[in-house]
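Subject: Structure handover

Hello,

Here is the structure for you to look over. My notes follow below it.

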Amino acid sequence: MTVATEDMTPLNDALAARFAAAQDIAEEAGALALDYFRRRRDLTIEIKGGLQDVVSIADKNVETLIRDRLHTSFPEDGILGEEHGVDQGSSGFTWVVDPIDGTSAFVHGLPSWCVSIALLSGSDLVMGVIRVPCGDESFAAVKGGGATLNGEALRLDSSKTLQNSLTGIGANNAVPPEMIGALITGLMARGGNYIRTGSGAQMLALVAAGRLAGFYEPSMHAWDCLAGYCLVSEAGGSYRPFPVEGAAILEGGPVLAAGPGAFEELSALASESERLLNS
Ligand code: IPD
Ligand code: CA
Ligand code: CA
């Protein structure tokens, strides 16, 4: 494993150890999730926020595995996971974990779900790892070290625009449907088109890989977006800041990221739909 940081200061040593571990853990967690996916007909699906917001023992046990591994290797780190909440740490590092992002896709037998692991140093986003087991794809980024897909460097340029590429639009039932309608209308009126795979984290990884021009969802949580944000940023794209300080990290907010050819226009489109909602 190589981390492309120039000097190995103590922080970088700490980061290098965590980067290697996160990639191994994401792969192991992905394998466990894939095993559940293949046996998904046996899973009991629990309703969280409604029929469109579900969870199963797969989500819970995959998160338990990730937490156990992280806790064994880095007992002083904090962990925030979607299914099992917050463990405070004392090292200054906090892991932010979504064991299965795209649970709806997962339970319905669609392959577009992933394991997402991010790391904060204080409130600084320093790492993102996303494992997509069905595509056998591992995305990884560490601050200042670039982003990779299966070990190959990812580098975004300005060639992808809203007009010549697809844009990921996320939606959950916490957002007024009119807002999603306005977003899609605005995107298509600009000559673009949209896609929703069912996993916001995976769509952010697809932005980092240059397969999508950008991604926007009006309301998501930290565990949905932080790993993908790190990937996009390290690949040369931009993202709209997300609150991670104190209790704000639990609240969530809008998530937007794009490559250099689409960021401004997607931001303008998102702002238009947000103004519409607030008017
Ligand atoms: C969800 C997915 C979905 C997005 C939702 C998220 P989950 O996460 O990322 O694409 O639209 O807002 O909550 O529940 O599958 O982990
Ligand atoms: Ca999620
Ligand atoms: Ca999840």
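This is a predicted model: local features need pLDDT of at least 70, side-chain atom pairs count only at pLDDT 80 or more; totals for chains, interfaces and linings use all residues.

Most residues other than glycine have a negative phi. Asn-150 is partly exposed, with a relative accessible area of 45%.

Asp-136 also has a positive phi without being a glycine; the value is near 50°. Asp-136 belongs to the loop between strand E7 (124-132) and strand E8 (137-142). With a relative accessibility of 47%, Asp-136 counts as partly exposed.

**The calcium ions**

Start with the calcium ion that is ligand 2. Its protein donors are Asp-98 (OD), Asp-101 (OD) and Asp-224 (OD), at 2.0 to 2.1 Å. Along the chain these donors follow the spacing D-x2-D-x122-D. Asp-98 lies in strand E5 and Asp-224 in helix H6 (residues 222-235), so this pair ties together parts that are 126 residues apart in sequence. Asp-224 counts as buried, at 10% relative accessibility.

Now the calcium ion that is ligand 3. Here the protein donors are Glu-82 (OE), Asp-98 (OD) and Ile-100 (O). They lie 2.2 to 2.3 Å from the ion. Their spacing in sequence is E-x15-D-x1-I. Ile-100 is buried, with a relative accessible area of 2%.

Which residue bridges the calcium ion (ligand 2) and the calcium ion (ligand 3)? Asp-98 does, and the two ions lie 3.7 Å apart. Asp-98 is buried as well, with a relative accessible area of 0%. The cut-off for buried is under 20%, so Asp-98 qualifies.

**Ligand 1**

The space taken by ligand 1 is the largest pocket. Two elements give two or more residues to the shell around ligand 1: strand E5 (93-101) and strand E13 (214-220). E5 gives the most, with three residues.

There are 15 residues around ligand 1. Those that come nearest are Asp-101, Gly-102, Thr-103, Asn-172 and Glu-217.

- Glu-82: a polar side-chain atom lies 3.2 Å from an oxygen atom of ligand 1.
- Asp-98: a side-chain N or O atom is 3.2 Å from an oxygen atom of ligand 1.
- Gly-102: a backbone N or O atom lies 2.7 Å from an oxygen atom of ligand 1.

On its own, ligand 1 has 380 Å² of accessible area, and the protein covers 89% of it.

Gly-102 is in the loop between E5 and helix H3 (103-107). At 7% relative accessibility, Gly-102 counts as buried. Its C-alpha atom is separated by 5.2 Å from that of Gly-198. Along the chain, Gly-102 and Gly-198 are 96 residues apart.

Next, Thr-197. This residue lies in the loop between strand E12 (193-195) and H5. Thr-197 counts as buried, at 18% relative accessibility. What joins the side chains of Thr-197 and Gln-202? A polar contact of 2.7 Å.

Gln-202 takes us into helix H5, where it is one of the buried residues. H5 spans residues 200-208 and is mostly covered: nine of its nine residues are buried. Among them are Met-203, Leu-204, Leu-206 and Val-207. After H5 comes Gly-210, with a positive phi near 75°.

**Where to look**

Then look at Gly-102, with its backbone contact of 2.7 Å to ligand 1. After that, turn to H5 and its buried residues.

Best wishes

Key
Residues are numbered from 1 along each chain as its sequence is written. Chains are lettered from A and ligands numbered from 1 in the order in which they are written. Side-chain values use heavy atoms; hydrogens and water are left out. Donors are N, O and S atoms within 2.8 Å of the metal (3.2 Å for Na, K and Ca); water is not among the atoms, so sites may look incomplete. Buried means under 20% relative accessible area, exposed over 50%, partly exposed in between (1.4 Å probe, protein chains only). A residue is near a molecule or strand if one of its heavy atoms lies within 4 Å of it. A polar contact is a pair of N or O atoms within 3.5 Å; within protein, one must be able to donate a hydrogen and the other to accept it, and residues adjacent in sequence count only if both atoms are side-chain atoms. Accessible areas come from the Shrake-Rupley method with a 1.4 Å probe; for residues, only the protein chains shown count as cover. On a 1 Å grid over the protein atoms alone, a cavity is a set of points where a 1.4 Å probe fits but cannot get out, and a pocket is an open set with protein on both sides within 12 Å along at least five of seven lines; lining residues have an atom within 4 Å of a point. A molecule sits in a cavity or pocket if more than half of its atoms lie within 2 Å of its grid points. Helices (H or I, at least four residues) and strands (E, at least two) are DSSP runs, numbered from the N terminus.
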